[in-house]
Amino acid sequence: MAHDFSLNRRTLLKGAGALGLLGATAGLPLRRALAAGKLTVGFIYVGPRDDFGYNQAHAQGAAAVKAAFPNVTVLEEENVPETIEVQKTIESMINLDGAGLIFPTSFGYYDPHVMKMAEKYPDVTFLHCGGLWAEGHPKNAHSYFGYIDEPQYLSGIVAGHASKTKKLGFVAAKPIPQVLRNINAFTLGARSVDPTITTQVIFTGDWSMPVKEAEATNSLADQGADVVTCHVDSPKVVVETAERRGMFTCGYHATQAPLAPKGYLTGAEWNWESLYPRFVKDVLAGTDIPSLVRGGLKEGIVKTSAYGAAAPEAGRAAADAVKAQFTAGDFAIFKGPIRDNKGGTVIAAGTTHGQTDIALEKMDYLVEGVIGATA
């Protein structure tokens, strides 16, 4: 099995001496391979690649690379924790398989693991998901991310049209800026339809907490929420629980439509199937890749799930109209005046925070209409 084989390769490279010996000789064969138009690409996932969520979205990107480049060798390793294990996986892919391009896809892989490996293997290109590259980091350690709050806003619009109770639910892992940004975008989208709509948020405490995710979804249903979405690694439990409770759902990371044939409305998805082949093409051509790559709907880095049967026509039309504005670069989610759920003004009238505004990277509040707290 591919997964077991990868584990054995990591075991073979456990010894520090062996790592050093192989690492010293990795550069020359790699340069020869690239010169001959050949490339081995490694994808590393923190969880199972069929999780209906974060990891599956990346695996779909790997599949797109396979389809676009039949002569490129694609390696995949799943269930690799954010520890020294990721370094062992990287060493294995480079030294035993000759990988010249590595996609370490989990946020916690970057510091210190990817940076350490990038320094050790300057001829290898590292493309890390998370947008963490900064000046002074290794030049071969690139970073990319997408503005997924854009499709979250569109999900909110559809949810706002679908809801009868005007009570939405959001199951979230941790109150970090990226999660808060998604909760706020979803809520602002819904309240653009009806300003009386509220979003109840429940934080589970970590990225993969299936029992707590089920409990949170049931609690939201008990409190009258009739639409639920989430920001956790695998939305599978949330979506399946909501479907059993007769709720509508908006997905995240990848499509969960097969899990909720009755209640799935739409969702916010990563479009790695579009981005990853572009990266591979650039590496093969020797084209410089920016140190930090970001984009949203306009750049094709994120997308919306296909509308489910439950999505109302009015919601589809309203979301499509705003989507066209996003694609044209004419729409801003975080445009003042915006108040937080404590009554304070967080974005003043006349102030707009565009997607590249650093203020959004430091978001520490929940907008008016969200029921919940960040601490």
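A residue is buried when its relative accessible area is under 20%, exposed when it is over 50%, and partly exposed in between (1.4 Å probe, protein chains only). By that cut-off, buried residues make up 54% of the 375 residues in the chain. This is a predicted model, in which local features need pLDDT of at least 70 and side-chain atom pairs count only at pLDDT 80 or more, while totals for chains, interfaces and linings use all residues. Residues are numbered from 1 along each chain as its sequence is written, and side-chain values use heavy atoms, with hydrogens and water left out.

**Confidence**

- The mean pLDDT of the chain (pLDDT is the predictor's confidence in each residue, from 0 to 100) is 92, and 90% of the residues reach 70 or more.
- Residues 1–26 have a pLDDT below 50; beyond near neighbours in sequence, this stretch has 35 contacts in the model (contact means heavy atoms within 4.5 Å).
- Where pLDDT is low, the predicted coordinates should not be read in detail.

**Overall form**

- The chain has twelve helices and 17 strands, where helices (H or I, at least four residues) and strands (E, at least two) are DSSP runs numbered from the N terminus.
- The radius of gyration, taken over C-alpha atoms, is compared with a globule rule of 2.2 Å times the number of residues to the power 0.38.
- It is 21 Å for the chain, close to the 21 Å that the rule gives for 375 residues, so the chain is as compact as a globular protein of that length.
- Along the principal axes, the C-alpha atoms fill a box of roughly 65 × 45 × 40 Å.
- Of the contacts between residues at least 6 apart in sequence, 69% join residues at least 24 apart.

**The six-strand sheet**

- Six strands form an open sheet in the order E2-E1-E3-E4-E5-E11, with parallel pairing; two strands pair if DSSP finds at least two bridges between them.
- Strand E2 (73–77) and strand E11 (292–295) are at the edges with a single partner strand each, so one side of each has no neighbour in the sheet.
- Strand E1 (residues 40–44) is joined to E2 by five bridges, and Gly42 stands opposite Leu75 in E2.
- Helix H4 (residues 54–68) lies across E1, E2, strand E4 (125–129) and strand E5 (141–146), at about 165 degrees to E2; axes are lines fitted to C-alpha atoms, for helices over the stretch in contact, and angles run from 0 to 180 degrees between N-to-C directions.
- Gln56 lies in helix H4 and counts as buried at 16% relative accessibility.
- The buried residues of helix H6 (residues 110–120) include Tyr110, His113 and Met117, and the buried residues of H6 pack against helix H5 (84–95), strand E3 (101–104), E4 and E5.
- Ala134, in the loop between E4 and E5, is partly exposed with a relative accessible area of 32%.

**The seven-strand sheet**

- An open sheet of seven strands runs in the order E12-E10-E9-E8-E6-E7-E17, with mixed pairing.
- Its edges are strand E12 (302–304) and strand E17 (370–371), each with a single partner strand, so one side of each is left without a neighbour in the sheet.
- Strand E8 (residues 227–231) pairs with strand E9 (residues 248–253) in the parallel sense over two bridges, and Val227 has Phe248 in E9 as its bridge partner.
- Helix H8 (residues 177–191) packs on this sheet, touching strand E6 (167–172), strand E7 (198–203), E8, E9 and E17.
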